[in-house]
Amino acid sequence: MANYECVFIARQDISSAQVEQLTETFSNIIRENGGEVAKTEQWGLKTLTYKIKKNRKGHYVLFNLVAPAPAVAEMERNMSISEDVLRYMTVRVDELEPGPSAMMQSRNERSERGDRGDRGDRGGRRFDGDRGDRGDRGDRGPRPPRRTEFEGEQA
């Protein structure tokens with residue numbers, strides 16, 4: 001049997017429970033046709049690059065499959081029939097990735113750093129327009145001569 005990675009995007013207006021139900025439905029199709037679902041990851045609701053069927057966001061789900069080609073074809077056929085699935089793509093791979101996918105790794109790294117990372121002390125900056133005491137800046141010196149259009153035409 002071959003190894004496959006499959007990602008599908010479900011509509012934004014269905015709940016997470018419905019996404020899990022869809023995931024279980026497609027997993028059962030693979031199992032009933034002699035395959036195995038090695039890993040399932042739900043990446044959550046993400047913004048799409050462009051609108052698909054009037055949806056700006058979608059629930060992303062990844063499957064790692066070890067299955068015969070007819071099982072994958074049957075799963076894709078059911079995905080194409082389902083109105084809740086916006087897009088799907090299945091790719092045959094040489095071997096399946098152990099551990100979390102790159103999408104889940106980046107999410108874990110982000111959560112370890114905090115939302116915006118450690119930026120250190122930023123000096124207590126305020127956003128009310130008051131810059132506070134800037135200290136003595138000394139004399140500015142004489143003002144440079146003003147340039148006018150008339151002077152520019154003579155040159």
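**Core, pocket and surface**

Modeller: Leaving aside neighbours within four places in sequence, Phe 63 is in contact (heavy atoms within 4.5 Å) with Tyr 4, Glu 5, Cys 6, Phe 8, Thr 23, Phe 26, Ser 27, Val 37, Lys 39, Thr 40, Met 75 and Met 79. The model is predicted, so local features need pLDDT of at least 70 and side-chain atom pairs pLDDT 80 or more, while totals for chains, interfaces and linings use all residues. Residues are numbered from 1 along each chain as its sequence is written, and side-chain values use heavy atoms, without hydrogens and water.

Colleague: Which residues touch the most other members of the largest nonpolar core?

Modeller: A nonpolar core is a set of buried Ala, Val, Leu, Ile, Met, Phe, Trp, Tyr and Cys residues joined through side-chain atoms within 4.5 Å; buried means under 20% relative accessible area, exposed over 50% and partly exposed in between, with a 1.4 Å probe and protein chains only. Of its 21 residues, those touching the most other members are Phe 8, Phe 26, Phe 63, Leu 65, Met 75 and Met 79.

Colleague: Which elements each supply at least two residues of this core?

Modeller: Elements are DSSP runs numbered from the N terminus, with helices (H or I) of at least four residues and strands (E) of at least two. From the N terminus on, the order is β-α-β-β-α-β-α-α. Those that each supply at least two core residues are E1, helix H1 (16-32), E3 and helix H2 (69-81).

Colleague: What is the volume of the largest pocket?

Modeller: On a 1 Å grid over the protein atoms alone, a pocket is an open set of points where a 1.4 Å probe fits, with protein on both sides within 12 Å along at least five of seven lines; lining residues have an atom within 4 Å of a point. The lining comprises 13 residues, with Glu 5, Cys 6, Val 7, Trp 43 and Leu 62 nearest the centre. Grid points are joined across faces, edges and corners, and the volume is the space filled by probe spheres set on the points. For this pocket the value is about 200 Å³.

Colleague: Is Leu 45 buried or exposed, or does it fall in between?

Modeller: Leu 45 lies in strand E2 and touches Gln 12, Lys 57, Gly 58 and His 59, not counting residues up to four places away in sequence. Because its relative accessibility is 44%, Leu 45 counts as partly exposed.
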